[in-house]
Structures are given as C-alpha cells and as structure tokens.
Amino acid sequence: MMNTRRRVALAAAAISVTTFACGPKLRPPAIKDSQIDFEERIELGTRALKHLLELQSRVFEVSYAIRVQGASLCGANTAPILGSLHLGPVKFRGRQIQKLAKRTYGGDEELTITHIVPGSPIAEAGVHPRDLITAVNGRRVRKEKHLERALLKGDGGSIRLSLRRTTEDLQIEMPSVTACSHKAVVKPVGRTTTGNLEKNGFFISLEMVQFVESNDELAVAIGHQLAHKILEDQERLVRKNFGRRSYRKKHLELERAADRLGLCLTARARYDVVNAAAFWERLALEHPWAIQSNPINPVTRGPQGVAPHAWIPNRLPAIRRISDELARGREAAACDLSAYDLGDSG
Amino acid sequence: MEEFRAAERSQRGFSGARLATMKSPMPRLRDFLGALLMCALVPQSALSAEISGSVHETPEIQAEIERLSEAGFNLLLERSKRLSRVSEKIRLHGADLCAQRLGPVLGLVVITKKELPLAFHAPVAKRHPVDDSIRVLWTLPGFPADRAGLIAGDVIVSVSGKSINGTGDLRRLRLKGSNSFDRSLPFEIRRGKETLSIDVEIWPGCEQTADIVISDAVNAWAIQHLNVIGVTTGLLRFAATDDELAIVIGHELGHHIFFHQPGGGRGRSLEAASDYLGLYLAARAGFDISSTVEFWARLSLRTKHGLTFHVRNSHPSSRARTIALEATIQEIQGKLERGEPLDPFHQ
C-alpha cells in the first residue's frame with residue numbers, strides 16, 4: 001500500500017516542481033493590509049478591550065475582597081476603597097487602546113466606571129457602570145490618583161460621591177470601606193506569574209489570569225502576591241537583619257512566609273483554599289525548572305528568569321497543611337503577623 | 001567559585017538575549033536550547049552542592065521532588081506524543097505540496113540528555129540511561145518506526161551509514177538525490193548490548209518536523225533555518241482539540257512551503273497564503289477545520305499583541321481574514337463533498 005502511496009507522492013512532487021516553476025500559481029483569497037480600515041480597527045480594538053476589561057474586572061473583584069478582608073494585616077498601608085473599576089487603571093501598552101477605551105466609554109474629562117463589585121457599598125448605592133465620577137468628598141477628580149487622594153481626605157465614616165449619569169448630576173453618600181492600598185494590575189508579561197510593582201501594587205500576569213481555572217485559584221495567586229507586598233513592607237522595617245542573610249535563604253524564607261500569609265488572606269476573603277496546593281503543583285509542572293533545581297541558581301533557573309513561583313523545598317506539603325488548617329476554621333497561626341519571624345537575625 | 005562566576009556571566013548573557021527576543025521568537029528558542037545546553041554542561045558536582053544543601057535532605061522532600069518530576073515529565077511526554085500524532089499525519093498527507101523538500105515521516109519521539117530539562121533526568125533514568133545518545137522514547141503506532149519494530153529505549157546509532165549525534169541529525173534526514181528512490185532507510189540500533197540493523201520504510205512527507213518549546217506564551221513559529229515548527233507548551237495547553245492543533249501546524253507548515261516559493265510575499269499577504277495552504281494541509285490529514293475562524297478569534301485574544309491591538313499582531317482576526325478563511329473552508333468542504341482531490345492549485 002505504501003509503495004503506491006510513495007510513488008504517487010514522488011510523482012506528485014515531480015509535478016509540483018514544475019508547477020511551482022511555471023505552472024498555475026496558488027490563488028488564496030486576497031487580503032490587503034488596507035482592507036483593515038479605520039472602522040474595523042475600532043471594531044477589533046473594541047473586542048480586545050472588552051475582553052481586557054473582563055479580565056481586569058475579574059481580578060479587581062477577587063482582589064477587592066482580599067484587600068478589604070485583609071486590611072487589618074496591612075498595617076499603615078490602608079486606604080478607603082471604592083468597589084468600582086475605572087478606565088484609569090487600564091495600563092496596557094499602546095495609546096491606541098487607551099484612545100479606543102475613551103471612545104467606547106466616553107468621558108474624556110472624568111473617570112468612567114467600567115465595573116462595580118457586587119455587594120460593595122457603591123453597588124448598594126445604585127451606581128452603574130458607565131456612570132462618570134466627577135467629584136469625591138467635594139474634590140474634583142479627573143484621574144485615578146486624584147481619586148485616591150480625595151478618598152484619603154474623607155472623614156473616615158462616609159464617602160460623598162458626585163456622579164454624572166448621561167446628563168443628570170447625582171450626589172451619593174455611602175459608608176466608607178478600608179482596604180489594603182496595594183492594587184492588583186493585570187499586566188502582559190509573557191509568563192504565567194505574579195510580581196510586585198515598584199509602588200503600591202502588584203501585578204497578575206495576563207497569562208496567569210488565563211491559566212487559573214476558577215476564582216478560587218485566582219484568589220490563591222492574588223493572596224500570595226499581596227502577602228509578598230505586606231511582607232515587603234515588614235521587611236523594609238527589618239532590612240538590617242536581612243542584610244546578614246544570604247539571598248537564597250531570604251528568598252526561600254520570604255516565599256514560605258508569603259505562602260502562609262497568602263493563604264490566610266485568601267481564606268479570610270471566603271475563597272476556597274483546599275485546592276491551593278493542587279493549583280501551585282499544576283503551575284510547577286508547566287515549568288520544569290521550577291521542580292528540582294534551585295530557583296535562584298542562575299545556571300538551573302531556566303531560560304525565562306526565575307521560574308515563576310518555583311517549587312521550594314517542602315512547599316506543597318506545607319501549603320496542604322496550612323490550607324487544611326484554614327479550611328477547618330483555624331486561622332490564628334497563619335494570620336498572626338507577629339508570628340512571622342522576619343526580624344530574627346539568621 | 002569559578003563556576004559560579006561563569007554562571008553569573010551566563011546569566012547576564014541570558015538576560016541580554018532575553019531582551020533581544022522581545023522582537024523575534026527565534027532567539028527565544030536559541031535561549032531555550034542554550035539553557036538546556038547549560039544544564040548539560042554544568043558538572044553535576046557543582047549542582048549537587050546547591051541542591052543537596054541542608055534543605056533537600058529529608059526523605060519526604062526527596063519523595064516530593066520525585067513525584068513532581070515524574071508528573072512533569074509525563075505531562076511533557078503526553079504533549080510530545082500529541083504533537084507527533086498531529087504533525088506527522090499532516091506532514092505525510094502534505095507531501096506533494098512540499099515539492100522537492102521531502103523527508104521521511106518516521107513517527108518518533110526521541111530524547112537526548114542535552115535537550116532534557118534537568119528536572120526530568122531522574123524520571124527518564126528510571127526507564128533508560130540518560131546519556132548523550134539519541135534514544136527512542138516513543139513510537140507513533142502504525143507509522144514506519146513502529147512498523148519496523150523500534151521500541152522505547154533503542155539508541156539510534158546511524159541512519160544510512162551516517163552517524164546520528166544529535167536530534168538535529170535526525171531532523172536533517174532528507175529524501176533527495178541518491179536516496180529519493182529508495183524504499184527504506186537502514187537504521188543501526190543499539191538495544192541493550194546488541195546492535196541491530198533495522199530497515200525503516202520510507203514514507204515521504206514534508207521535511208519540516210514539529211518540536212515542543214517549553215514556554216507559557218501561546219505561540220508557534222515556522223523556524224526557517226532550523227527547518228522546524230516550534231510549538232509552545234502554552235499553545236498545546238490552549239488548543240483543546242487535535243483539530244485546533246492541526247490548524248496551527250498546517251498554518252506553520254504553510255509558512256515553510258511559502259518560504260521556498262519565489263516571491264512568496266511578506267506580512268499579511270504571506271499570512272493569507274499560509275492560512276490557505278494550512279487549511280488544505282489540515283483537511284488532507286483528515287482534521288476537522290470547521291472551527292478555524294472561531295479558533296483564530298479566540299487565539300487573537302490570548303496573545304499579548306492581539307489583546308493590546310498592537311501593530312505587531314501578525315494574526316488579527318480581521319473581517320478580511322475571516323472572509324478569506326470562510327471562503328477557503330467552503331472551497332475545501334465543497335471538494336470533499338464532490339470527492340475531488342484536495343489540491344490547492346486547482347480550484
């Protein structure tokens with residue numbers, strides 16, 4: 001059978017040699033670049049933007065719960081929070097998408113609300129997506145940073161919000177909610193990972209948001225990175241002691257502490273932590289460099305830098321133990337920040 | 001210490017290369033191969049000092065590492081098998097479209113220490129010795145290597161008298177000149193202590209083979225100078241069905257075919273031609289191409305450039321492209337219904 005097939009293939013190959021040289025050419029349906037016109041650009045961009053905002057909203061919703069429930073662990077780094085996502089924090093590369101966002105949602109001057117966290121005070125006050133925030137606590141706001149500053153100037157008990165809905169102006173008063181001031185941002189980095197940002201905040205990579213299979217898993221990743229942020233603040237206080245330790249030891253210790261505190265944060269926000277170990281394991285299996293090798297050894301760490309949330313010795317059993325305890329309602333050990341011996345000299 | 005310094009230097013080399021790769025996928029693959037090379041080159045003693053430090057000693061930790069490496073290796077092996085299943089079929093059925101650039105379709109998954117991530121040395125060592133030889137890990141059922149009786153663990157010593165020293169040598173096997181009318185390839189195999197001569201039937205197919213690239217990015221490339229189709233583990237995760245994987249492999253093989261055509265075109269016109277040929281290639285191998293439009297649309301929202309609507313997005317799910325894809329699908333399905341051969345040169 002194969003001989004026939006082979007002969008046919010070779011004969012056909014001989015024919016196609018001549019075909020390629022002088023015979024009929026391939027005629028695929030023609031596409032020209034100019035065929036993607038301005039109108040279509042908007043259409044495609046809007047589709048991408050919608051998807052992006054969906055991802056952003058999902059991350060915001062999960063991180064909102066974690067930040068609010070974990071406020072007591074964030075020490076001085078807390079601030080009043082609105083349960084709304086605005087066009088402001090869509091920080092993706094390319095001005096084109098920013099312009100598109102403005103086009104789609106309007107609001108050149110003010111902050112446009114793109115998503116409201118269900119159950120948050122702002123949702124209960126009846127605010128909808130597409131409303132514009134014009135002023136907070138009597139201060140005019142145009143950008144996200146204005147909003148943050150204005151929220152801090154409140155009296156602590158309530159927030160006064162000025163909104164514009166189509167043409168009418170609304171005044172709303174609602175109770176203030178305090179949360180950790182570290183924000184979660186979605187960032188395309190090409191790797192399934194999370195990381196700290198320089199200022200108040202951390203990122204969840206686009207790939208990570210697409211990798212997680214449920215909001216519980218997303219909450220585990222967000223909790224872990226928020227824990228890193230909290231520990232970083234702590235560490236800043238005790239840097240002197242850390243200076244004497246090796247980088248590796250510090251890395252391992254911080255990673256372990258972030259696992260513990262992260263699970264506490266996740267569980268406090270009422271997300272399921274039972275499958276946390278399974279989630280990290282699934283992630284580790286995608287990165288062979290994360291399994292056996294020392295994640296911070298430059299030789300074994302793999303081609304893409306430090307393996308994302310690499311397996312560290314005994315990590316998964318430890319996570320399993322902590323999540324079991326948390327699932328049984330015992331959160332004291334993991335959530336007691338003073339028990340984290342970051343200040344001890346090593 | 002010297003090793004550590006060397007490592008530090010190489011680390012700088014890596015990050016430099018990594019920055020450069022933002023623009024093209026090629027250095028990223030080089031990076032990847034380079035890293036594997038590094039793993040192989042570093043003396044075990046240097047590593048064991050790092051790894052068997054105080055933290056790695058308890059039996060529980062060892063057991064955990066073992067379990068994870070095993071699971072990770074099995075995952076990679078399953079993905080290699082899947083890639084091989086789909087790509088070998090497409091290569092075989094696309095033979096006459098690949099003109100004179102033919103190679104034997106073998107249906108082999110091989111490994112060598114150099115290209116095996118360090119973490120997977122242990123799970124492989126349980127089955128076969130891990131060394132520099134080219135070892136068969138799996139054969140695709142029903143394909144020449146399997147029919148000739150090659151089994152997992154065999155070491156490929158030489159093919160047609162030429163010694164095989166790397167997976168590249170196996171990839172470079174071509175059917176041209178003197179061997180283009182042969183019926184079989186003489187393989188020299190080492191199985192245990194004996195050396196066997198096995199004749200493997202020649203099934204001519206497109207010469208380009210598909211390889212796995214371990215990366216989170218959802219991407220695939222036609223790497224011209226290596227004659228390889230690189231498919232990331234991210235893409236294998238994303239393409240839920242074999243049909244979807246076939247669409248991508250067909251498209252990339254289409255690129256390879258067009259590289260060798262005079263005036264093959266550039267940019268999106270090249271993409272259009274590869275779309276066209278890719279669908280033919282996938283359909284010829286018996287894959288269902290009806291989900292193509294939906295698949296590319298979904299993919300364009302998964303990639304960084306697609307999502308940020310960046311100019312570098314080479315595969316926009318544009319109206320024109322959608323129309324072209326739909327027209328091609330209709331053309332192919334029409335031919336299938338009428339029982340005509342799937343020949344893209346005759347509409």
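Predicted model: local features only at pLDDT ≥ 70, side-chain atom pairs only at ≥ 80, totals over all residues.
Hi everyone. When I say two residues touch, I mean that they have heavy atoms within 4.5 Å of each other.

Let's start with Glu217(A). This residue sits in helix H7 of chain A, which covers residues 215-237. Is Glu217(A) buried or exposed? Its relative accessibility is 11%, and because the cut-off for buried is under 20%, Glu217(A) counts as buried. And what does it touch? Setting aside residues up to four places away in sequence, Glu217(A) touches Val212(A), Phe279(A) and Arg282(A).

Now to the nonpolar cores. The largest one has 136 residues. Those with the most contacts inside it are Leu261(A) from chain A, plus Ile90(B), Ile156(B), Phe187(B) and Leu245(B) from chain B. Let me pick out Ile90(B). If we skip its neighbours within four places in sequence, Ile90(B) is in contact with Ala246(B), Ile249(B), Gly250(B), Leu253(B), Leu281(B), Ala285(B) and Phe287(B).

Most residues other than glycine have a negative phi. Arg130(A), though, has a positive phi, near 85 degrees. You'll find Arg130(A) in the loop between helix H4 (121-124) and strand S4 (132-136) of chain A. Over in chain B, Asn227(B) also has a positive phi, near 60 degrees. Asn227(B) is in the loop that runs between strand S10 (220-223) and strand S11 (228-232). With a relative accessibility of 8%, Asn227(B) counts as buried.

Methods. Residues numbered from 1 in each chain as written. Chains lettered and ligands numbered in written order. Heavy atoms only, no water. Core = buried A, V, L, I, M, F, W, Y, C linked by side-chain atoms within 4.5 Å. Buried < 20%, exposed > 50% of the residue type's maximum accessible area, 1.4 Å probe, protein only. Helix = DSSP H or I, 4+ residues; strand = E, 2+ residues; numbered from the N terminus.
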